[in-house]
Amino acid sequence: MAFVITEPCLSEKSGECVSICPVDCIVEGPDQFFIDPDTCIDCGACVAACPVDAIVDEHDLNPAQEVYLEKAESFFGS
Ligand code: SF4
């Protein structure tokens, strides 16, 4: 399980989540930040840090948000 950064990050990209993550698994990509799903420990700390509520629990993704998990997996090559 992991948390996933979704669509609102595309226009915001504030990056405030990066320094909050205790396992440094949030990385800047070309158009948004990504959470490495293999490294995320599901602590949830990044959720409150995001000013645009872009970070969602993998199990709470709606169908339109599923693509962002696939996008993260592709970004990290998993
Ligand atoms: Fe990092 Fe925790 Fe957010 Fe996972 S849930 S990305 S471990 S801060």
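Colleague: What should I keep in mind about the numbers before we start?

Modeller: This is a predicted model, where local features need pLDDT of at least 70 and side-chain atom pairs count only at pLDDT 80 or more, while totals for chains, interfaces and linings use all residues. Residues are numbered from 1 along each chain as its sequence is written, and side-chain values use heavy atoms, with hydrogens and water left out.

Colleague: How do you know which helices and strands the protein has?

Modeller: They are DSSP runs numbered from the N terminus: helices are H or I with at least four residues, strands are E with at least two. On that basis the protein has three helices and four strands, in the order β-α-β-β-α-β-α from the N terminus.

Colleague: Why is lysine 13 said to form a salt bridge with glutamate 28?

Modeller: The term asks for a side-chain nitrogen of Lys or Arg within 4 Å of a carboxyl oxygen of Asp or Glu. Here the closest N and O atoms are 3.1 Å apart, so the pair meets the definition. Lysine 13 sits in the loop between helix 1 (8-12) and strand 2 (26-28), and glutamate 28 in strand 2, 15 residues apart.

Colleague: Why is glutamate 28 called exposed, and what is lysine 13 called?

Modeller: Buried means under 20% relative accessible area, exposed over 50%, and partly exposed in between, with a 1.4 Å probe and protein chains only. Glutamate 28 has 51%, so it counts as exposed. Lysine 13, at 26%, counts as partly exposed.

Colleague: How many salt bridges does a search of the whole structure find?

Modeller: The search finds two. In the pair of lysine 71 and aspartate 31, the closest N and O atoms are 2.8 Å apart. Lysine 71 lies in helix 3 (residues 66-76) and aspartate 31 in the loop between strand 2 and strand 3 (33-35), so the pair ties together parts that are 40 residues apart in sequence. Lysine 71 is partly exposed at 25%, and so is aspartate 31 at 31%.

Colleague: Which residues does aspartate 31 touch, not counting residues up to four places away in sequence?

Modeller: Aspartate 31 touches Cys9, Leu10, Lys13 and Lys71, contact meaning heavy atoms within 4.5 Å. The C-alpha atoms of aspartate 31 and lysine 13 are separated by 8.0 Å.

Colleague: How is the shell around the ligand divided by class?

Modeller: It has 11 nonpolar, one polar and no charged residues. Ala, Val, Leu, Ile, Met, Phe, Trp, Tyr, Cys and Pro count as nonpolar, Asp, Glu, Lys and Arg as charged, and the others, Gly among them, as polar. The residues around the ligand include Phe3, Cys21, Pro22 and Gly44, where near means a heavy atom within 4 Å.

Colleague: What is the phi of aspartate 53, and why is this residue called exposed?

Modeller: Aspartate 53 has a positive phi of about 55° although it is not a glycine. With a relative accessible area of 62%, aspartate 53 is exposed.
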